[in-house]
Amino acid sequence: MSLKLNSSSGGSVTLQEPSTATNGTLTLPAGTGTVAVNGLSSNIVSGTAVASTSGTSIDFTGIPSWVKRITVMFSGVSTNGTSSTIVQLGTGATPTYTTSGYLGSVATSSGATVTNFSTGFMVNNSVGAASVVYGHIVILNISGNTWVESSMLALSDSANTRDSAGSVTLGDVLTAIRITTVVGSNTFDAGSINILYE
């Protein structure tokens, strides 16, 4: 069995499960749209990379309500200070960022320093002004407005990594991500940050 949708087709097509076991091919035209399998969206959207070379925070807004997984990516990110890097989740059209209720911790690869979360998902502790970070953070919706986080970051200025995991429950639907520091006044001075969501 073969089913083809030509480029003029629109709307939705539902494939029914056959009464007997059969194999077949479904060919979709090039274009935009969403493919759903068993009710799960396969839509993956990449943001636009932002140069983390100035400012005290990097924000990504307008995240759709259907999103269940967000990946935050760091490439050569640095600040001019020694305050730990955190990721905060925001809600609302003009985002309000949650600054409390984050549970979990981050550790250096040696285990010499373990720091609990407080005002955000802390992803880089024991920071020096020369610290340069690479890696990613994954934030997953576990239920309702509760999100869990895990990260793997590495430093190029020293032989060290950072691992973290935690959770936070928001007061409303997530719409934004902010990357900043605990003190909120250290300035980004190198690298780039991007997100993708699905």
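1. Asn141, contacts. In this predicted model, Asn141 touches Lys68, Thr146 and Trp147, with residues up to four places away in sequence left out of the count. Asn141 belongs to strand β14. Its side chain also reaches the backbone: a polar atom of the Asn141 side chain lies 2.8 Å from the backbone oxygen of Gly144.

2. The relative accessibility of Asn141 is 16%, so Asn141 counts as buried. The cut-off for buried is under 20%. Asn141 and Ile70 are 71 residues apart along the chain, yet their C-alpha atoms are separated by 8.8 Å.

3. Overall make-up. The protein chain has 18 strands and zero helices. It holds 198 residues, of which 34% count as buried. Take the contacts between residues at least 6 apart in sequence: 69% of them join residues at least 24 apart. The Asn141 and Ile70 pair, 71 residues apart, can be read against that background.

4. Nonpolar core. The largest nonpolar core has 32 residues. Those with the most contacts inside it are Ile70, Val72, Leu89, Ile139, Ile177, Ile179 and Ile193. In soluble globular proteins, nonpolar side chains tend to be buried together.

5. Val72 within the core. Val72 is among the core residues with the most contacts. Residues up to four places away aside, Val72 touches Gly135, His136, Ile137, Ile139, Ile177, Ile179, Ile193, Asn194 and Ile195.

6. Ser164, a buried serine. Ser164 lies in strand β16, residues 160–169. Ser164 counts as buried because its relative accessibility is 7%, and the limit is 20%. Its side chain has polar partners. One is the side chain of Glu149, at 2.6 Å. Another is the side chain of Ser151, at 2.5 Å.

7. Ser164, surroundings. Beyond its neighbours within four places in sequence, Ser164 is in contact with Ser105, Val106, Phe117, Met122, Val123, Glu149, Ser150 and Ser151. Val123 is worth noting here, as Val123 also lines the largest cavity.

8. Cavity. How many cavities of 30 Å³ or more does the model hold? The count comes to one. The space in the largest cavity is about 80 Å³. Its lining consists of Phe74, Val77, Ser78, Thr79, Thr85, Val123, Asn124, Val127, Ser131, Val133 and Leu153.

9. Cavity lining by element and type. β8 (69–79) and β13 each supply at least two lining residues. β8 gives the largest share, four residues. By type, the lining divides into six nonpolar residues, five polar and no charged.

10. Ser126. Check the backbone here. Ser126 has a positive phi of about 50°, although Ser126 is not a glycine. Where does Ser126 sit? Ser126 is in the loop between β13 (121–124) and β14 (133–143). Its relative accessibility is 40%, so Ser126 counts as partly exposed.

11. Thr175. Thr175 is found in strand β17. Is Thr175 buried or exposed? Thr175 counts as buried because its relative accessibility is 16%. Leaving aside neighbours within four places in sequence, its contacts are Phe60, Thr61, Gly62, Ile63, Gly90, Thr91, Gly92 and Pro95.

12. Val50. Strand β6, residues 50–51, holds Val50. With a relative accessible area of 27%, Val50 is partly exposed. Val50 and Ser192 are 142 residues apart along the chain, but their C-alpha atoms are separated by 5.4 Å. Neighbours within four places aside, Val50 is in contact with Ile58, Phe60, Gly191, Ser192 and Ile193.

Key: Residues numbered from 1 in each chain as written. Predicted model: local features only at pLDDT ≥ 70, side-chain atom pairs only at ≥ 80, totals over all residues. Heavy atoms only, no water. Buried < 20%, exposed > 50% of the residue type's maximum accessible area, 1.4 Å probe, protein only. 1 Å grid on protein atoms, 1.4 Å probe; cavity = no way out; pocket = protein on both sides within 12 Å on 5 of 7 lines; lining within 4 Å. Points joined across faces, edges and corners; volume = space filled by probe spheres on them. Nonpolar A, V, L, I, M, F, W, Y, C, P; charged D, E, K, R; others polar. Polar contact = N/O pair within 3.5 Å; in protein donor to acceptor, adjacent residues only side chain to side chain. Contact = heavy atoms within 4.5 Å. Core = buried A, V, L, I, M, F, W, Y, C linked by side-chain atoms within 4.5 Å.
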